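Hi there,

Here is the structure I promised to pass on to you. Have a look at it first, and then read on for what turned up.

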Amino acid sequence: MIEKIVRATYPSREPGAIQPLQWSILRFLARVPSEQRTAHMVAKFLGITAAPTSRAVQTLVKRGFVEQVKSEHDARSFLLVLQPAALQALKDDPLMRLAECVSKLPEDEKGVFKKSLECIVVNVG
């Protein structure tokens, strides 16, 4: 069931589509303070290594969703800046459709759902 939910949430898998990891990066960048918008912080938050993070960020840069700007505080790192195309894409974030479905649950079921997800996250992660 989880796999079906994930596949339904991200239906577009063509080469030009924003992939699930890229969506996660865009969401992260949209929600954290600018000084935390680095590839290192993205990888740390997502619990993945630098290599897949770097590849996904470079794809987002090539597509015009993200710009890399040298950090004023650390010359070795780059800040990732969301571009207008990313902000527009986030308005159609597929995960928001899933959130909308959850929001339609009766209140008592929302609590059970949240508790169940927390349990799954703790046991899987």
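Glutamate 118 and lysine 114 pair up in a salt bridge, with their closest N and O atoms 3.9 Å apart. Both sit in helix H7, and because they are four residues apart there, about one helical turn separates them. Glutamate 118 is partly exposed, since its relative accessible area is 42%, and a residue has to be over 50% to count as exposed. Please keep in mind as you read that this is a predicted model.

Glutamate 3 counts as exposed because its relative accessibility is 53%, and arginine 7 counts as exposed at 52%.

Another links lysine 104 with glutamate 100, and here the closest N and O atoms are 3.5 Å apart. Lysine 104 is exposed, at 63% relative accessibility, whereas glutamate 100, at 44%, counts as partly exposed.

Next, the nonpolar side of the surface. Ile2, Val6, Phe113, Leu117, Ile120 and Val124 make a nonpolar surface patch of about 540 Å². Two elements give two or more residues to this patch: helix H1, residues 2-9, and helix H7, residues 107-124. Which of them supplies the largest share? That is H7, with four residues. On the other helix, isoleucine 2 lies in H1, and its relative accessibility of 57% means that isoleucine 2 counts as exposed.

H1 also meets helix H6, which covers residues 94-103. The axes of H1 and H6 come within 9 Å and cross at roughly 125 degrees, so H1 is oblique to H6. From H1, the contact uses Ile5, Ala8 and Thr9, and from H6 it uses Pro94, Leu95, Arg97 and Leu98.

On the H2 side the contact is made by Leu21, Gln22, Ile25 and Leu26, while H4 brings Pro52, Thr53, Ala56, Val57, Thr59 and Leu60.

Threonine 53 is found in helix H4, which runs over residues 50-62. Is threonine 53 buried or exposed? With a relative accessible area of 1%, threonine 53 is buried, as buried means under 20%. Leaving out residues up to four places away in sequence, threonine 53 touches Ile25, Ala39, Val42, Ala43 and Ile48. Ile25 in that list is also one of the H2 residues in the contact with H4.

That is what I have for now.

Best wishes

Definitions and conventions: Residues are numbered from 1 along each chain as its sequence is written. This is a predicted model: local features need pLDDT of at least 70, side-chain atom pairs count only at pLDDT 80 or more; totals for chains, interfaces and linings use all residues. Side-chain values use heavy atoms; hydrogens and water are left out. Patches are made of residues with over 30% relative accessible area and no salt bridge: like charges are joined within 9 Å, nonpolar side chains (Val, Leu, Ile, Met, Phe, Trp, Tyr) within 5 Å. Accessible areas come from the Shrake-Rupley method with a 1.4 Å probe; for residues, only the protein chains shown count as cover. A salt bridge is a side-chain nitrogen of Lys or Arg within 4 Å of a carboxyl oxygen of Asp or Glu. Buried means under 20% relative accessible area, exposed over 50%, partly exposed in between (1.4 Å probe, protein chains only). Contact means heavy atoms within 4.5 Å. Axes are lines fitted to C-alpha atoms, for helices over the stretch in contact, and angles run from 0 to 180 degrees between N-to-C directions. Angles under 35 degrees count as roughly parallel, over 145 as roughly antiparallel, 65 to 115 as roughly perpendicular and the rest as oblique.
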